[in-house]
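Hi everyone, thanks for coming.

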Amino acid sequence: LDGHVLACDLGRLAGGERFAVAAGVGIDARMVALTPRWMKRRLGVLAYWLTAGRAAFGAVLTRRGRFRVRLTVDGQVEEREAVMAMVANFGAVLYDLITFGPGIRFDDGVLDAVVYSPGSLWDATVIMWRLVRKDFRSTPSVLYRSGCHIRIETFPPQPVQADGELLGIVPFEVTCEPHAALVLIPGR
């Protein structure tokens, strides 16, 4: 009863689906696919993190989890090898334990693309350490871009997830809908 109303941006996929937190391909889509429905019901978000390790190590240690990604943000194109590419609207998960990138906000009128490209297990470990420590210095293993219109293509094609639901195969396009949702949060 003493909550606050916040206006949150939403990401809108070309098919009309919307997401609040994130959409992506690679490790996060495999994590969604590998997490059994019963585990999601019992453990909630924690269920995804239990299967994330399996998806991440499989992608980093074997070539099967890697793909070529073409990221287009407001008309600017970047290409690279990756294990995960995501479009984030909320910048952190697990009570802010892991933050995806610098300045990612749910109410700023833009979405944030992040591409993870570790070349080794050591690179992947450094990425995780930096995410936990909120250290977003530039590195060849992580690419950050912000914009209002984002398109992700992968070669070979990869499954897409948005807010924990599998939605099909790439390519996917997202536009930001500024302040499209009103959310009631607990008072402080």
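Let's start with two strands: β1, residues 4-13, and β2 are joined by two bridges and run antiparallel. Across that pair, R12 stands opposite R18 in β2.

Before going on, some housekeeping. This is a predicted model, where local features need pLDDT of at least 70 and side-chain atom pairs count only at pLDDT 80 or more, while totals for chains, interfaces and linings use all residues. Residues are numbered from 1 along each chain as its sequence is written, and side-chain values use heavy atoms, with hydrogens and water left out. Strands here are DSSP E runs of at least two residues, helices are H or I runs of at least four, and both are numbered from the N terminus. Two strands count as paired if DSSP finds at least two bridges between them.

So, which strands make up the open sheet? There are six, in the order β2-β1-β14-β11-β4-β5, with antiparallel pairing. At the edges sit β2 (18-19) and β5 (76-82), each pairing on one side only. Over at the β5 end, seven bridges join β5 to β4, residues 67-73. V73 stands opposite Q76 there. The hairpin of β4 and β5 has two residues between the strands, and D74 takes a positive phi near 50°.

Now the inside. A nonpolar core is a set of buried Ala, Val, Leu, Ile, Met, Phe, Trp, Tyr and Cys residues joined through side-chain atoms within 4.5 Å, and buried means under 20% relative accessible area with a 1.4 Å probe, protein chains only. In the largest core, which has 23 residues, V25, L71, V87, I150, I152 and F172 touch the most other members. Which strand gives the most to this core? That's β4, with four residues. There's also a second, separate core of 13 residues, including A22, I27, I104 and L131.

Terms used:
Buried means under 20% relative accessible area, exposed over 50%, partly exposed in between (1.4 Å probe, protein chains only).
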